[in-house]
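User: I would like to learn how to read a few features of a protein model. Could we start with a single residue and work outwards?

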Amino acid sequence: MPKRPLDHPPGAAPARISSPLSVPQPDTPTPLLGNLTPTQFMRRYWQKKPLLIRQAIPDVVPPLARDELFELAGEDEVEARLITHFRHRWQLEHGPFAADELPSVRQRAWTLLVQGVDLHDDRARALLDRFRFVPDARLDDLMISYASDGGGVGAHFDSYDVFLLQVHGMRRWRIGAQRDLSLRPGLPLKVLQNFEPEEEWLLEPGDMLYLPPHIAHDGVAEGECMTCSIGFRAPSAQELTGQFLYHLAERGDAPGGAAELYRDPQQPAVANPAMLPSALVERVGAILAKVEWSERDISTFLGSYLSEPKPSVVFDPPARPLSEPRFIQRARQSGIRLDRKSILLYDARFYFLNGEENRLAGVKKWLVELADQRHLSAKRFVTLSDDSSVTALLHEWYCAGWIQVGELA
Ligand code: SIN
Ligand code: CO
């Protein structure tokens, strides 16, 4: 098997990469999906069956060069994992990793996984944006894995949909729709006990494999390789229930008023003080039975919760922010864009920016466009810039680091 020489390590895309001109159009065929339209892909494959797409992105370049990825893995706020399979023994370590803590790239059978690269690099964010034919509410992150020859994470399954885009070198993927999802005991990572592959492909740069949840897979690098995983979020019913009840409680929606205290004027004296009084259970049951919510509560909860930045996210406000008039002047020349870390969602009546909920009334005409396109062109900004309430709001977001002046390229 030809190996990529190590003296030509994975380079990166140019620092300034074009953002997609617009969001992917549902009914336009795209090489990204093997010339299917996003509509056809979603109908035939999404959450249903795997799809191998040869040359989904021809001439693809890794969003980050190998050394840039290693450097990112050394930062505190970045989630990085190192998986080694030396002498047939699986080991897992969590970052950050200083440069000298990673094995040599000449050593076989190790892999570095760096999560959430889209939060740290505009090129990675632009790559993630190509997948916005799936709602933002479902989009999770872009992970980059670097593997030395023979490296991988073992045969496993994920609970989430994933697009595995080969961006450098080659990786052999084997997949299977097996029912036996039992794991090898005693390992620091989830490796299937009885992997039974049914299909096998060698992916080259630009090729991509889509996998729905629970399809078993094993990807092994053939020579040095880099793979981008575009992952989706699917909160569990348990997480949603817990967070929703928390959201209701935070809003002071508790029945009878949030401040109501538990009362027990009829409580008799007891001989068994450790015993939970049945009257207490009854009374709390009556309080809980009065909890009510509407569809509006559900959508405002989802908007706030799903637009909440991950705990590790820190926005970078400009060190020396432009004054509002200078901001307006610059934005009239070069437009504005959402910061790569910002999440902006909306429904019929509200918008949700980085976890904060606000009414759509009065801002709808431009906010929906900013949310869907993630930018407003200079020309579009000019049409808004006479309204001082709009410019004041956008200037506030700019000062918080939530939006940036200028287009991506
Ligand atoms: C990898 O890129 O090495 C692992 C990705 C996956 O299997 O989900
Ligand atoms: Co996986």
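This is a predicted model: local features need pLDDT of at least 70, side-chain atom pairs count only at pLDDT 80 or more; totals for chains, interfaces and linings use all residues.

User: Where is P318 found in the chain?

Analyst: P318 is in the loop that runs between α6 (295-307) and α7 (324-334).

User: Which residues is P318 in contact with, leaving aside its neighbours within four places in sequence?

Analyst: Those contacts are with Y398, C399 and G401. Y398 is 80 residues from P318 along the chain, yet 7.8 Å separate their C-alpha atoms.

User: How is the protein divided into domains?

Analyst: The domain assignment gives domain 1 as 31-232, domain 2 as two segments, 236-259 and 276-293, and domain 3 as 324-405. Taken over C-alpha atoms, the centres of domain 2 and domain 3 are 37 Å apart.

User: Now the ligand. Which residues are around ligand 1?

Analyst: The residues around ligand 1 are L113, M143, S145, H156, D158, L164, R171, W173, H217 and S229. Next, look at distances between polar atoms. A side-chain N or O atom of H156 lies 3.1 Å from an oxygen atom of ligand 1. For H217, the corresponding distance to a ligand 1 oxygen is 3.1 Å, and for R171 it is 3.4 Å.

User: How much of ligand 1 does the protein bury?

Analyst: Interface size is often given as the accessible area lost when the parts come together. Ligand 1 taken alone exposes 260 Å², and the protein buries 94% of that.

Note on methods: Residues are numbered from 1 along each chain as its sequence is written. Chains are lettered from A and ligands numbered from 1 in the order in which they are written. Side-chain values use heavy atoms; hydrogens and water are left out. Domain bounds come from an automatic or database domain assignment. Helices (H or I, at least four residues) and strands (E, at least two) are DSSP runs, numbered from the N terminus. Contact means heavy atoms within 4.5 Å. A residue is near a molecule or strand if one of its heavy atoms lies within 4 Å of it. A polar contact is a pair of N or O atoms within 3.5 Å; within protein, one must be able to donate a hydrogen and the other to accept it, and residues adjacent in sequence count only if both atoms are side-chain atoms. Accessible areas come from the Shrake-Rupley method with a 1.4 Å probe; for residues, only the protein chains shown count as cover.
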